[in-house]
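Here is a short briefing to read with the structure open beside you. Take the topics in any order you like.

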Amino acid sequence: MSDKTEHTANESKQQVYRTTPERTGKMMIIMLGICIVGAIVFFSLWDYWIATPAPVVAMMAGEAEHAASAAATGKTITQDLTFIESSDFRTLAFNALPNEAGHNPTIQMNVGDTVVFNVDNGGISFHSFGVTKADEGFAGIIPGSEIGAASNPLKPGEGGSSEFVAGEEGTYYYICTVPGHREQGMVGEIIIGPAQGGSSGIAAAPTGVSHEFTLNFVESSDFRTLAFNALPDEDDHNPEIRVNSGDEVTITVANMGKSFHSFGVVSNPEDFNSVIWDSAIAAMASPLKPGEGGSTTFVAGAPGTYYYICTIPGHALQGMQGSFIVE
Amino acid sequence: MVLEFQKPRPIWQIMFSTHHTDIGLLYLISSLAFLFLGGSLALAIRAELFFPNIEGTGQIIADSMTFNRIFTVHGTTLIFLFIIPFASAVGNYFVPIMVRYKDMAYPKLNAIAFWMIPPAAVLVWLGFADFTWYAQPPYSIISAPGPAADMWIFGLKILGISSVLGAINFVVTILKCKHPDMSIGQVPLLAWSFLVTSCIIIVAIPTFAAALLMLLTDRLGISGFFNPAMGGDPIAYSHLFWFTFHPEVYVLVLPAIGMMYEIIPRFSRKPIYSYNSGIFAFVLLAIVAFSSWAHHMFATGMSFTEKTVFMVGTLAAVPASAMHVFNFIATMWNGRIKFATPMMWAVGGIALFFAAGAGGVVNSAMPLDFSTHDSYWVVGHFHLFVMGTIAFASIGFVYYMFPYVTGRMYNETAGKAHFVLSFVGTVLVFFTQHVLGLFGMPRRVFDYPPIPEWIAMNQIASVGAMIIGTSMVIFLINMIYSSAKGELANIEDPFGLGGKYYYPFEAKNPHH
Amino acid sequence: MSGHSNWPEWIYIAVVVALMAWVGAEAWNAERLVEHVPEGAEVIKVTAQQWFWTFEHEDGTKEIGELHVEVGKAYKFEIESKDVIHSFNIHDYVVLMDAVPGRVNTVWFAPTDVGEHAIQCREYCGLLHYNMRGTLYVEEPSS
């Protein structure tokens, strides 16, 4: 149906030009050629097109990565906090308004200690709670420390509890995570000092001992239960791994399921973003497809109880987690 | 009809020409190519869904990521690379002739608008993004991998600009360049449909252009319009998107209705029942189109008042569409109808248009939408529009244009076979999908639980899809073969309708 | 400009408009009734994330992928999402409401018969959207 060449005109009005088979053939070849070239380019770069997560993902996760992974090896402190508001609602705070005793209490703790927050809403507005390392704003809330969220806040009179384990020295902040409330005063400092007592927080020097473990991602047929190596009630389900601090560990994984998985060792099984010791195999952005596998070698760090999990969001919660104990 | 100015012209001269018939031809060829490419993707989807993947059987596509990419590109291609360019093809070819002007108002701009399509198509097809043709955030911001997603965004940006440039051209050509002796009330309804469509495009598309830009900056992390973690609201995107794309579905359908206004009076050998009603219905539809966008968002948590307003806006568009159906049927009434291939397609299109609209009324009734939203009912409903009405009218018009463009006749038997198979296939696929949706199957799923009713209906739909696929192969062969070696057509009256009732501007309709 | 009578067209349009008005009125009324959450409906928090559902009852009980409710009681779902838009759907009871990150949407229902029903996700959310399923168990009241 392309262009025309002269042909016998059989009408009075105008010259009708019709195409020839050759030109039609040429056009079909051109179109097919374009498709083939495109297909070659597409398939030869098959993985490239969907390889990179959006830049904003790294920015959002970057906040959480700053908060160091923490092992609870020290003491537990309890801190009660109440959201309060000034009567003109201009000033917000924890426990007491500015210039009063007990206003935004500062918490002193050491690496490895746990703070249990008991928070309740003593104001007339909505609030929610979380701990972050960021010195402004409401992003980077450390998983496990949140009570409610800006989208599902605590109503007046409601309350809840959460925990925060200090993983590194420095200053963290407990805040109200409703946008703007931190700026209006609902923020307090958590000052973290070095780990107390002997070797609890320090990693041993490399021992030269090597361990190898094989972990397979498995799924139940209804996809409701996920695990490593075997389903619950079967042998070798989520095997416990025990090594000494400083040992070299090699873990080989294989995806025996029908879904996507990835691997990492974390200190908080709910925090799949903070993989420690460079132990990650694949990641949510570029996971292991069914049948694929990989391995990682790393040195076990400070003594404590850690977890190896599948780092796809939700999979650890559905069962893909096991203990990784460093002695 | 004048097809060519000079004797055999080299291909590059035709490709870079700015004459409206050449550009119309380029749009036509590229849009039909994308019809076949996008349609093949649909066949892949239906093949995958033939069996649920029990114990690893019945799985043809490697993984769900690939499947998600396939249906994303399927939708994007058929809407933006087939339907809209095809309408541009018809418009470019015929509108200047219909308003008795030598070319479009801005020929160079016209060529630029066409040539934006290949690079945009390359971006979309190479990237093969996975976030559906809606690109709904937050998924499209935080979860969709790049560079596919970014390529899609850029591709659609370019296509949007191309649409707007074409729309400007049509409006100026029809309003300002029409023959001095021709009043606006004498311009054929096909040209009117392009005028109205272009006005909708000019008002609606910029909103989506803004939304795309915002989506891109959100992906880069520089802004937080739609990203809750940065203080944004994903529903804002839904509003922007549907504010464009609900009117956009009328952009898709109005040229098809215009094409039916060409075919039906011709082949009924009767003038249009009411030219004025046609214009009134076009204009009313264009205005009411802007009042119903959030009926796509009934389940997002809107308030009762908001939902009521948009339900009323949606229902208000029905009488305008109904006017067109009445017009068609009244035109055919008592006519001496010749059921050549184009007429079969047009009549089949009217029937499916009615069915699609009826299903749409169900969707717009608020509580009923909670049964059908994002299920296969919606898939069946909109496909009855885009395939059953728009593709049918478009294909019928291809058959109608064929002798004028190529100077030859296509094979009538093959054309009729194409219609019968396509009609049967379309009914099998899309009517079944309405029922499937009522049984609860969600859309955009790579797999489904082995519920016997779902399996049966998916299989019926897949069979229907293969029937459509077969018919399209017949179409392709017919088109290629007949354009090179078909019987010479009688340019005066290729369909044997009698009378000088076939050149739009020469119609001796006493009512004009 | 047309010389023919067009009363059939007017009648047809009147019929279509009347039909649309009737559909609209009925729908408005039905939705008004459907949206009224009964007093004392037990609140269940539904959290959607890629790619599974978790539920939290008023008494703190948490469930993953399954939801146990009692026949004859009214339940109000407060639905939220942790990442992208999902949609909470119990098709057999026409429960459908999007889970949008950054807001809480509510929908209620009162199961009438003992049985098991499918919970599914009705908004595209990525790789495993098709498998983001759960089960609703409607049981006899325990007490």
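Two residues are in contact if their C-beta atoms, placed from the backbone, lie within 7 Å. With that in hand, B:Met260 is in contact with B:Phe328, B:Ala346, B:Gly349, B:Ile350 and B:Ala393, leaving aside its neighbours within four places in sequence. Please keep in mind that this is a predicted model.

**Nonpolar cores**
- B:Met260 also belongs to the largest nonpolar core, which has 248 residues.
- B:Met260 is among the residues with the most contacts inside that core, along with B:Ile83, B:Ala191 and B:Leu285.
- Helix α14 of chain B, residues 376–406, gives the most to this core, contributing 21 residues.
- A second, separate core holds 31 residues, including A:Ala93, A:Phe117, A:Ile141 and A:Val178.

**Helix α1 of chain A**
- This helix covers residues 21–44, and its 24 residues should span 34 Å at 1.5 Å a residue; the end C-alpha atoms are 34 Å apart, which agrees.
- The number of buried residues in α1(A) is one of 24, so the helix lies largely in the open.

**Where chains A and C meet**
- Here 10 residues of chain A are in contact with 14 residues of chain C.
- On the chain A side, the residues that touch chain C are four nonpolar, five polar and one charged.

**Confidence**
- The predictor gives the complex an ipTM of 0.93 and a pTM of 0.79.
- Chain C has a mean pLDDT of 90, with 96% of its residues at 70 or more.
- Within chain C, confidence is lowest in strand β3 (residues 62–64), at a mean of 85, and highest in strand β6 (residues 86–90), at 96.
- Where pLDDT is low, predicted coordinates should not be read in detail.

Technical notes:
Residues are numbered from 1 along each chain as its sequence is written. Chains are lettered from A and ligands numbered from 1 in the order in which they are written. This is a predicted model: local features need pLDDT of at least 70, side-chain atom pairs count only at pLDDT 80 or more; totals for chains, interfaces and linings use all residues. A nonpolar core is a set of buried Ala, Val, Leu, Ile, Met, Phe, Trp, Tyr and Cys residues joined through C-beta atoms within 7 Å. A residue is buried if 20 or more other C-beta atoms lie within 10 Å of its own, exposed if 12 or fewer, and partly exposed in between; C-beta atoms are placed from the backbone. Helices (H or I, at least four residues) and strands (E, at least two) are DSSP runs, numbered from the N terminus. Ala, Val, Leu, Ile, Met, Phe, Trp, Tyr, Cys and Pro count as nonpolar, Asp, Glu, Lys and Arg as charged, and the others, Gly among them, as polar. The expected span of a helix is 1.5 Å times one less than its number of residues. pLDDT is the predictor's confidence in each residue, from 0 to 100.
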